[in-house]
Amino acid sequence: MINGNKEKIPPFPHHKAYIYRSKQFFLASGITTHLTMGNLITLKELYKGFSNKCSIPRVLLVDPTSDCNLRCKGCWSQDYESGHNISYEKFDDILDQAEKLGIMDCLMTGGEPLLRKDDILKLCKKHDRMTFGAFTNATLIDEELADDMARLGNLNVFVSIEGTKEETDFRRGPGVYDKAIRAMDILRSRDIGFGFSACYHSRNYKTIASDEFLDRMRERGAWFGWLFQYIPVGSNADTSLVCTPEQRAYVQEKIRDYCTEHDYMIIDFWNNGHLSFGCIGAGVGFAHINAKGDVEPCAFCHYSDSNIYEVSLAEALRSKFFTTFRNAQPFSQNPLRPCPLIDNPEALVDVVRNTGARSTHMANPESAEELASKSYERAKQWERISEDLFRKMPEHNRKNFPLFLKYLAFKKGITDGRRKKV
């Protein structure tokens with residue numbers, strides 16, 4: 001059911017199949033469902049992980065470029081040195097390696113990935129056994145690109161939007177909201193099952209979690225949504241935009257209720273730990289390659305000890321930093337405190353310090369201690385509030401999470417050769 005209508009999901013690797021598989025992953029009714037989803041993809045990942053002695057991520061995230069055509073308030077891409085691009089040939093090589101490891105989904109972040117849309121279209125055509133998606137400000141989406149996407153079938157986009165016209169243009173610049181809405185209309189006219197992507201912060205969190213905004217996204221044709229909290233990454237980050245624990249709890253409860261009522265999928269990245277394994281970075285679910293080739297646990301965690309120009313993808317997934325990061329998971333027994341950046345900042349400091357990982361934040365690098373210092377107080381406050389939220393969760397969610405953690409420990413045992421008791 002998509003937006004109240006029954007929709008046929010074309011076979012993989014159609015981009016709508018990626019959405020369906022994401023829903024299976026994040027909304028698995030139990031560990032058996034998780035293991036048997038998507039043509040036994042989870043079991044295949046276990047086999048590939050055992051063969052390659054590393055955890056194989058479900059999704060590989062890649063920044064084709066560090067450049068962007070906007071200057072959004074609080075976005076770390078402003079800290080990125082301009083001009084970094086993964087060449088077509090190197091991107092092609094990365095995808096070849098990913099396919100050999102059994103990774104069949106590639107999401108592109110940035111910078112603005114559609115600045116490289118010609119190369120992306122060529123790669124989608126060549127790697128037609130994979131699905132692709134791009135987090136985009138949508139200003140470069142036009143009729144021609146939408147026609148190409150509809151013809152290819154394996155490329156999707158997630159349109160960034162911040163709420164109302166005023167809230168979107170506040171962060172992204174005058175006129176950006178109208179361009180995003182126009183892009184949604186173009187995509188819907190081609191029957192492309194796109195998603196919306198929203199960053200919520202202290203100034204727009206009520207809008208993002210409102211029925212009015214979410215109804216509007218569904219009416220525009222969004223099949224699902226990504227929600228990201230504003231994270232104060234970078235030495236010049238505006239900490240006034242960070243949500244208070246009470247504001248985060250408000251979003252968590254409102255989004256949960258809306259998705260239940262409307263059978264709608266919204267991946268609230270920091271508040272959905274109970275629907276997966278807590279943190280899914282460093283190869284458990286995601287791995288990220290930035291525009292300079294640094295291999296990072298996720299798009300928000302800007303630390304690395306490996307570069308794709310110096311090692312293979314498999315070697316990067318086996319690196320000391322990634323292996324130590326995975327061994328530290330879960331970072332909390334409370335699934336609403338999954339993240340080492342904002343929920344358990346002391347854990348990130350320990351992992352970075354013990355592995356010698358370096359900051360990859362390009363123009364404005366910051367130590368793990370500096371990043372953690374911005375989160376300690378809120379993390380302590382969130383610990384108290386999240387415990388109460390966890391107790392109020394539906395019983396099946398509270399029962400499933402410990403089973404997911406047992407599976408995570410089993411997965412580590414056969415891929416990394418070690419187990420962490422849970």
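In this predicted model, Arg220 has a relative accessibility of 29% and therefore counts as partly exposed. The side chain of Arg220 meets that of Asp185 in a salt bridge, with an N to O distance of 2.8 Å. Asp185 belongs to helix H7, whereas Arg220 sits in the loop between helix H9 (211-219) and strand S6 (224-229), so the contact ties together parts that are 35 residues apart in sequence. Asp185 is likewise assigned as partly exposed, at 36% relative accessibility.

A search of the whole structure returns 27 salt bridges. Among them is the pair Glu99 and Arg129, whose closest N and O atoms are 3.8 Å apart. Glu99 lies in helix H3 and Arg129 in the loop between helix H4 (117-126) and strand S3, so this pair connects parts that are 30 residues apart in sequence. Arg129 is exposed, with a relative accessible area of 54%. Helix H3, spanning residues 88-101, also contains Lys100, which counts as exposed at 65% relative accessibility.

Asp191 is not a glycine, yet its phi is positive, at about 60°. Its relative accessible area is 48%, and Asp191 is accordingly classed as partly exposed. A positive phi of about 65° is found for Ala282, also not a glycine. Ala282 is located in the loop between S7 and S8 and counts as buried, at 0% relative accessibility. Most residues other than glycine have a negative phi, and most peptide bonds are trans.

Cis peptide bonds occur at two sites described here. The bond from Gly110 to Gly111 is cis, with omega near 15°, and Gly111 is placed in the loop between S2 and H4. Gln329 and Pro330 are also joined by a cis peptide bond, for which omega is about -5°. Pro330 is part of the loop between helix H12 (320-328) and H13.

The strands were examined next. Nine strands make up an open sheet with mixed pairing, in the order S7-S6-S5-S4-S3-S2-S1-S8-S9. Strand S7 (266-268) and strand S9 (295-296) are the edge strands; each has a single partner strand, so one side of each has no neighbour in the sheet. Strands of a sheet pair through backbone hydrogen bonds, either parallel or antiparallel. Strand S1 (residues 59-62) and strand S8 (residues 286-289) run parallel and are joined by four bridges. Within this pairing, Leu60 has Ala287 of S8 as its bridge partner. Strand S2 (residues 105-108) pairs with S3 in the parallel sense, again over four bridges, and the bridge partner of Asp105 in S3 is Thr131.

Strand S3 (residues 131-136) has six of its six residues buried, so the strand is largely enclosed by the rest of the structure. In a regular strand the side chains alternate between the two faces of the sheet. For S3, both faces are covered: Thr131, Gly133 and Phe135 are buried on one side, as are Phe132, Ala134 and Thr136 on the other.

Helix H13 (345-355) and helix H15 (376-391) each contribute at least two residues to the negative patch. At 30% relative accessibility, Glu387 counts as partly exposed.

Conventions. Residues numbered from 1 in each chain as written. Predicted model: local features only at pLDDT ≥ 70, side-chain atom pairs only at ≥ 80, totals over all residues. Heavy atoms only, no water. Buried < 20%, exposed > 50% of the residue type's maximum accessible area, 1.4 Å probe, protein only. Pairing = 2+ DSSP bridges. Salt bridge = Lys/Arg side-chain N within 4 Å of Asp/Glu carboxyl O.
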